[in-house]
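Subject: Handover of a structure and findings

Dear colleague,

Please find the structure below, handed over for your records. My notes on what was found in it follow directly after.

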Amino acid sequence: MVRAGLTTERLVRAGAELADEVGFEQVTVSALARRFDVKVASLYSHLKNSQDLKTRIALLALAELADRAAEALAGRSGKDALGAFADVYRDYALAHPGRYTAARYPLDPGTAAASAGPRHTQLTRAILRGYDLPEPDQTHAVRLLGSVFHGYVSLETAGGFAHSAPDSQESWTRIVDALDSLLRNWPTR
């Protein structure tokens, strides 16, 4: 018997909230059952196992991030688009640390292809069109931006910049400026 009020969507959203509170690594079907004060078995009509739950949280996080990025990029180009895009990732990671971690959860190729993941690449490429980068340089630039954004956010959320001046926001702004300059002056072979 399915418990009234429990749906897959509600469980996934609660799992995402739990990830933000205790860390994505700690999210399990058992932890989710405790949150709803139900037996674990009652969740198996909605979720296969903890891996299924984590995959669904990852898909939710990827979709949320892509939607926010698309909204932030609307009507922008160049450095303005680059800064807005970067801020979406940083702001999301700071506000939703568990979901941000979930967005990097390994997905099988079919699930990854059907996820919002490819939208992230499309959005990044849309920004790069304003910098007139040809292939394969555009692919290199997509990887560079992802690496810089993720690396900075990972260090910042781990407290890596909390004990030194200048403020991390100042560094973030300077990094976006530097990336803009690099993209406008991309090295040729």
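Buried means under 20% relative accessible area, exposed means over 50%, and partly exposed lies in between, with a 1.4 Å probe and protein chains only. This is a predicted model, in which local features need pLDDT of at least 70, side-chain atom pairs count only at pLDDT 80 or more, and totals for chains, interfaces and linings use all residues. Residues are numbered from 1 along each chain as its sequence is written, and side-chain values use heavy atoms, with hydrogens and water left out.

Overall architecture

The protein has nine helices and zero strands; helices (H or I, at least four residues) and strands (E, at least two) are DSSP runs, numbered from the N terminus. Its C-alpha trace spans about 60 × 40 × 30 Å along the principal axes. Of its 189 residues, 43% count as buried. Among contacts (heavy atoms within 4.5 Å) with a separation of 6 or more, 69% are between residues 24 or more positions apart.

Helices α1 and α2

The axes of α1 (residues 8–22) and α2 (residues 29–36) come within 10 Å and cross at roughly 100°. Axes are lines fitted to C-alpha atoms, for helices over the stretch in contact, and angles run from 0 to 180 degrees between N-to-C directions. On the α1 side the contact is made by Arg-10, Leu-11, Ala-14, Gly-15, Glu-17, Leu-18 and Glu-21, and on the α2 side by Ala-31, Leu-32, Arg-35 and Phe-36. These residues divide into six nonpolar, one polar and four charged; Ala, Val, Leu, Ile, Met, Phe, Trp, Tyr, Cys and Pro count as nonpolar, Asp, Glu, Lys and Arg as charged, and the others, Gly among them, as polar.

The buried residues of α2 are Val-29, Ala-31, Leu-32, Ala-33 and Phe-36, and what covers them includes α1 and α3. Just after α2, Asp-37 takes a positive phi of about 55°.

From α2 into α3

Val-40 sits in the loop between α2 and α3 and counts as partly exposed, at 25% relative accessibility. Leaving aside neighbours within four places in sequence, Val-40 is in contact with Val-29, Ser-30 and Ala-33. Ala-41 is placed in the loop between α2 and α3 and counts as exposed, at 59%. In helix α3 one finds Asp-52, which is buried with a relative accessible area of 12%. Asp-52 touches His-46 and Leu-47, not counting residues up to four places away in sequence.

The largest pocket

The largest pocket has a volume of about 490 Å³. Of the 21 residues that line this pocket, the closest to its centre are Leu-62, Tyr-89, Gly-117, His-120 and Gly-146. On a 1 Å grid over the protein atoms alone, a pocket is an open set of points where a 1.4 Å probe fits, with protein on both sides within 12 Å along at least five of seven lines, and lining residues have an atom within 4 Å of a point. Grid points are joined across faces, edges and corners, and a volume is the space filled by probe spheres set on the points. Two or more lining residues come from each of α3 (50–73), α4 (78–95), α7 (117–129) and α8 (137–157). Helix α8 gives the most, with six residues. The lining divides into twelve nonpolar, seven polar and two charged residues.

Yours sincerely
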